[in-house]
Amino acid sequence: MTTVPPQRPPIYELSLLGALEAESVHIFREVAATFSRPVLLFSGGKDSAVMLHLATKAFWPAPLPFPVLHIDTGHNFDEVIDFRDRTVERLGLRSIVASVQDDIDAGRTVEDDGPHATRNRLQTGTLLRALREGGFDAVFGGARRDEEKARAKERIFSLRDEFGQWDPKAQRPELWQLYNGRHRRGEHMRVFPLSNWTELDIWRYIRDEGVDLPSLYYAHRRPVIERDGMLLAHNRFLALLPGETPRESLVRFRTVGDATCTGCVESAAATADEVITEVAASRVTERGATRADDRISDAGMEDRKREGYF
C-alpha cells in the first residue's frame, strides 16, 4: 500500500504594498463600523488621491459611505482644482468644499499681508468650522509619518479635544492593530490610513494601481522664481520680491498645497517609473524640500497641529 505524504498548505504572503494596502483597508472599515459620521479630506494631492483609491477599494462595490471634504484656501493650483472636480464627478462622490475666503469675508479669520504671506495656516479655522457644521466625529487625512518629525509622533487614531487641539502626551497605544476610537461629545478622531507608507511606497502604488494624479506631479515647463533655496511657481497669488525675475524651467511637484508656499523641483521625470527612480535617490522628504510653511521654526508643524491643523 502506497502512503501519500501529507501536503503542506500553500504559503500565503503579501508583498510590502499588499500589506500596506490591507492595513489601510482595515482602518477604513474599522472607522466606518465604529464612528457615526466620518469624512475624508480630499485636496487633489497625490496622498489624498491614493487614500481615496484605497477607500473605494475598501467598500467596493458599494459607494463610499462618507463624503469627501476639501479645505479650499482660494490659492490653489488650477490643475489640482480641475483634478478634484473631475474625480468627484467620475466617482459620484458627495463633496463638501469649505472656503477660507468665506471665513475671511465673514471676519472669522484675518488674512496675513506682506510678501511672505500664505493662507496655509488659515486652513485650521476653516477645517474646524467645517467639522462642527458637519457634525463629523472622524476625519481621514493623508499624512504619513515619514513626512515630518511632528507627524512621526502621531498615532493612526489621533484624538482631538473639543477645540480640535492635539496633545502628543495623550496618544493611545495601538498594539496589534487595535484602535481605540472612544471619544466624548465634541471631541473627534483624526485617522491616518497612510501613516506607515513612505513617499516611495506611494509612488510604487500609483504606478501599480494606475492612480490618476494632477499633471503637475510630472515634469512640465512653467515659470518659477528662486526664493530661500526653493523654486516657487510664479503665479497670480505670489508677489515678487525686489530682484526676483521669473525664469522658465522643467519642473515637477513632489507635494501640493497653497500655491504661495509650495515649491517644485527641477526634474525630467514624466512617468511614474521615472519619479520612482528620483524618489529612491532622494534623501530629503517632500515637505522638507518643497514646503516653505514648514520652515517657520523647528517646531512649526507641531505648533500648527496643537492648534488643530493636520
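In strand β9, R247 is the bridge partner of V224. For pairing, DSSP must find at least two bridges between two strands. Strands here are DSSP runs of E with at least two residues, helices are runs of H or I with at least four, and both are numbered from the N terminus.

Before going further, a word on the model: it is predicted, so please note that local features need pLDDT of at least 70, side-chain atom pairs count only at pLDDT 80 or more, and totals for chains, interfaces and linings use all residues. Residues are numbered from 1 along each chain as its sequence is written, and side-chain values use heavy atoms, with hydrogens and water left out.

Strands β7 and β9 are part of a closed barrel of 4 strands, in the order β7-β8-β10-β9, with antiparallel pairing. From one strand to the next, the twist averages 70°; axes are lines fitted to C-alpha atoms, for helices over the stretch in contact, and angles run from 0 to 180 degrees between N-to-C directions.

Strand β9 also holds V251. With 0% relative accessibility, V251 counts as buried (under 20% relative accessible area; exposed is over 50%, partly exposed in between, using a 1.4 Å probe and protein chains only). Leaving aside residues up to four places away in sequence, V251 touches residues including Y218, V224, L231 and C264, where contact means heavy atoms within 4.5 Å. V251 and V224 are 27 residues apart in sequence, and their C-alpha atoms are 8.9 Å apart in space.

**Aromatic pairs**

The structure holds 11 aromatic pairs. Rings of Phe, Tyr and Trp (its six-membered ring) pair if their centres lie within 6.5 Å; planes under 30 degrees apart count as stacked, over 60 as edge-to-face and the rest as tilted. Two of these pairs are set out here.

| Pair | Centres apart | Plane angle | Class |
|---|---|---|---|
| F28 and F140 | 4.6 Å | 45° | tilted |
| F157 and Y179 | 4.9 Å | 10° | stacked |

F28 in helix α1 (residues 16–34) and F140 in strand β4 (residues 138–140) link distant parts of the chain, 112 residues apart. F28 is buried at a relative accessible area of 0%, and F140 is buried at 0% too. Ring pairs also join F28 and F140 with F59 and F66 into a cluster.

F157 and Y179 are both buried.
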